[in-house]
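Please keep the sequence and the 3D view at hand while reading.

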Amino acid sequence: MVLTDTVDWTEMEMRREDSREEAEERGGRPPQLRATLGALTLMAIRKMPYREAEEQIRYYAPARYLCGLTETDWTPDFTTIQDFAQLLGETDAG
């Protein structure tokens, strides 16, 4: 939870705004930047695969907090997280 309050999420979102534009150009839905950046952060810290990250974000309150999802029932599924990682150029995040 300390990490969540320490990271400048606005700055991270601004740096990834190009990913949103790429998704829209390809006809896809724009990524939920805050949630997916949080998911990739969780995966990196805990060294977990996509499916495990999905479960953690869905059921574990600190993971939901990290992803900025405390005020919604929505959770990114593993394919959403994986697609976003590929947009960022990640070759193997899990």
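In which helix is the place of Leu33? In this predicted model, Leu33 belongs to helix α4, which covers residues 33-46. With a relative accessible area of 2%, Leu33 is buried, because buried means under 20%. Although Leu33 and Phe84 are 51 residues apart in sequence, their C-alpha atoms are 8.8 Å apart in space.

Thr41 is also found in helix α4, and its relative accessibility of 18% counts as buried. A polar atom of the Thr41 side chain lies 2.8 Å from the backbone oxygen of Leu37.

| Residue | Relative accessible area | State |
|---|---|---|
| Leu33 | 2% | buried |
| Thr41 | 18% | buried |

Which residues of the largest nonpolar core touch the most other members? This core has 19 residues, and those that touch the most other members are Leu40, Leu42, Met43, Ile57 and Ile81. At least two residues of the core are supplied by each of α4, α5 (50-59), α6 (61-66) and α7 (78-87), while the largest share, seven residues, comes from α4.

When residues up to four places away in sequence are not counted, Ile57 touches Ala39, Leu42, Ala63, Arg64, Cys67, Leu69, Thr75, Pro76 and Ile81.

Conventions
Residues are numbered from 1 along each chain as its sequence is written. This is a predicted model: local features need pLDDT of at least 70, side-chain atom pairs count only at pLDDT 80 or more; totals for chains, interfaces and linings use all residues. Side-chain values use heavy atoms; hydrogens and water are left out. Helices (H or I, at least four residues) and strands (E, at least two) are DSSP runs, numbered from the N terminus. Buried means under 20% relative accessible area, exposed over 50%, partly exposed in between (1.4 Å probe, protein chains only). A polar contact is a pair of N or O atoms within 3.5 Å; within protein, one must be able to donate a hydrogen and the other to accept it, and residues adjacent in sequence count only if both atoms are side-chain atoms. A nonpolar core is a set of buried Ala, Val, Leu, Ile, Met, Phe, Trp, Tyr and Cys residues joined through side-chain atoms within 4.5 Å. Contact means heavy atoms within 4.5 Å.
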